[in-house]
Amino acid sequence: MTALRWSYMDHWRADSPRGPVTQYTARRHMDDFVKQISAVGFEGLDMFDFQVFALTGMFGSVANYQDYLRDHGIDKIVNLFRGIMYDPRLADPHVRGTHDEIVESTRRMLGMWQALEIENLIVMPASLYTAAAPVTDDKIKAAAECWSRVGEMTLTEFGVRTTAHHEFFCAIRTESDIRKFYDWSDPRYVSFFCDTAQHCIAGLDPVALFLDLHERCSGFHFKDTRQVDTTEAYRHSPDAELMAPQTDRWFHEMGTEGGLVDFPRLMRAIRDTGYTGWITVEHDKANIGGDYAEATALSMWYARNVLSEICA
Amino acid sequence: MTVRLGYAINQWKPNFDDFTRPEQHRRALKVIAACGFTGVELRAGTGRWDPLGRPSSIAATYGSTTAFLGLVREIGVQVCSYYVDPGEPVDEELSRGRSILDPGQHAAIVESLRPFTEFLAEAGAGRLVVRALPGHGALTDGRLGDAADGWNAVGAMAAESGVRVSLHVDCLSAAADEKVLAELLDGTDPELVGLTVDTAELTVAGLDPVRVLSGHLDRVDHLHLKDTRYVDEAGERLAPHAEASMLAEGGAREIDRWFYECGTRGGLVDFPAVAAQLRDWSGWAVFESEQTPNPARSAMLNGWYARRLFDPNR
């Protein structure tokens, strides 16, 4: 499995005498976090772009943090997730008048990470479904234009690919709309990031989607779900991910009992299409009735004992 | 050095009615495997809510010993040892606990432990880890020799299955005393009875685990590795009901947690010195994280540390 490496997308919480905290609150929590993900075999780390502020405060710079990661067995920060709240008055991909701001704010943010060799900037390609509805071809075209511009900038100025991650509650969420988005965006500058659970919840087959878009695919979030959205939760306002009535927990670690994602089939597709590089494991909101540490260890048990044989 | 890395599964069972379902066992075993450990130590228990507590309970839950061991192997680990304290009650045997200090109870202890050795033999595991002596205060003149005789009898029974008995010293035990421990070992047959060094238990009791290890290296055949930030300097472990007042409640200092992952901040155990003693030693080093608020977290931290402690390539 040498052509594939495992990275960890950080949503971590640690127990502390002050209750649940993130590892960005104290160096001792950071030490424990990094040791834990390293212990189970991760070599890369993904995180939200805004963590640059916490890391700079804790380590002096993100470059220092990457050195620290290497000392603990984590080779690099692989991907950044753009933590931006869209607002049609300021920054919203389907509002063309805000594209300059999206490009500039992204440039500012990536500039803070310039010392590192980030591979992908992951973005939600459109705002919440409820904020963009009705979704029209023109809105999808506007989003495609937006990310083509951003992607050209990130690649040429920072060597970072811009890649789109379609949350189930995102405006570009159906198979046909996703297809249109990639048809209308520049393949040189906009990649596809396959989040297995998000597509599954949206009623799509993530394996079929990957096979369709594999030439554009620049990474994965491997996580599982036990539920398809059967209640139009994606329309739930103000939030579908944490507040929709259907469930209080959409996401589970891969290999979970009752999981809907067919990871072995996806792994075979990855092997057969010749994808190489990083696969990111994500446990989004595992603290809801679960535990980040356990979910992380269980995921890597699954990766090593079930999936690695497929790509051996 | 062939130190094999194991993990104690009892950390997942903080109370008698926790950790009862097979899917919980599978998750714990997968966590242990994912963290790089290849062995698992079971802990004896009693009653219907302790399905891993004794071979008969395992068979009742999983169908048979063979089925359980197959599941463990499929997950990527193997049973390496079983811990038993003969002083604990056994509902299945209508026993309120037995004392190795009482020669009249030796035969019952031998028979009580026999199923564990047979289970270990089927698992291909070689260590029955036992509590060496009951708590402080129980030991009176002459009884140490009786205890040694008792362990020799258990050792002889275990040897029939190719299993060695290994004496474990916890901080509350009367054996947590260098002189007592040396005499107990002197009284037992080195061919049948070994010693488990538990780094944190000895440290809490005021002993130096490196010194104990080096002093009895020829008898050490099993390890329990965990860390601590505290020594019981006030001798609270010697008081009656110390398990409740000192170990559980934390004593006068109200210590929330006596035991920590190896390499914890402020840890008192000198693990590099322990590893140095083990240069020519072979056996299972079972990592523990009793009193942890999060077993998976502790297993991961111990896994990280274990690799650095015992991997010569690092």
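How many strands run in the closed barrel of chain A, and in what order? The barrel of chain A has 8 strands, going S1-S2-S3-S4-S5-S6-S7-S10, and the pairing is parallel. This is a predicted model, so to speak of local features takes a pLDDT of at least 70, side-chain atom pairs count only at pLDDT 80 or more, and totals for chains, interfaces and linings use all residues. Residues are numbered from 1 along each chain as its sequence is written, chains are lettered from A and ligands numbered from 1 in the order in which they are written, and side-chain values use heavy atoms, with hydrogens and water left out.

Strands (E, at least two residues) and helices (H or I, at least four) are DSSP runs, numbered from the N terminus, and two strands pair if DSSP finds at least two bridges between them. Angles run from 0 to 180 degrees between N-to-C directions, with axes being lines fitted to C-alpha atoms, for helices over the stretch in contact. To pick out one pairing, strand S2 (residues 44–48) of chain A and strand S3 (residues 76–81) of chain A are parallel and share 4 bridges. Within that pairing, A:Phe48 has A:Phe81 in S3(A) as its bridge partner.

Two helices of chain A sit against these strands, where contact means heavy atoms within 4.5 Å. Helix H10 (residues 263–273) of chain A packs on the sheet and touches strand S1 (4–9), strand S7 (217–222) and strand S10 (277–282), at about 160° to S7(A). Helix H11 (residues 292–307) of chain A lies across S1, S7 and S10 too, running at about 165° to S1(A).

Chain B also has a barrel: 8 strands close up in the order S1-S2-S3-S4-S5-S6-S7-S10, with parallel pairing. Here the twist averages 30° from one strand to the next. Strand S1 (residues 2–8) of chain B is joined to strand S2 (residues 39–43) of chain B by 3 bridges, and the two run parallel. B:Ala8 stands opposite B:Glu41 in S2(B). As for helices, H5 (residues 143–159) of chain B lies across strand S4 (127–131), strand S5 (164–168) and strand S6 (193–198), at about 145° to S5(B).

Next comes the interface. On the chain B side 20 residues are in contact with 24 residues of chain A. The buried area (the accessible area, with a 1.4 Å probe, that two parts lose on being put together, summed over both) is about 2,000 Å², and carbon and sulfur atoms give 55% of it.

Side chains of opposite charge can pair when their charged atoms come close. A salt bridge is a side-chain nitrogen of Lys or Arg within 4 Å of a carboxyl oxygen of Asp or Glu, and 4 of them cross the interface of chain B and chain A. One joins B:Arg265 to A:Asp32, with the closest N and O atoms 3.3 Å apart. Helix H1 (22–34), helix H3 (65–75) and helix H11 (295–310) of chain B each supply at least two residues to the side of chain B that touches chain A. H11(B) gives the most, with 8 residues.

Over all chains, the structure holds 48 salt bridges. One of them links the side chains of A:Glu43 and A:Arg5 at 3.1 Å, N to O. A:Glu43 lies in the loop between helix H1 (27–39) and S2 of chain A and A:Arg5 in strand S1, so this pair ties together parts 38 residues apart in sequence.

Most residues other than glycine have a negative phi, and most peptide bonds are trans. A cis peptide bond joins A:Ala133 and A:Pro134, with omega about 0°, and A:Pro134 lies in the loop between helix H5 (129–132) and helix H6 (137–158) of chain A. Another cis peptide bond joins A:Ser237 and A:Pro238, with omega about 5°. In chain B, B:His241 has a positive phi, near 60°.
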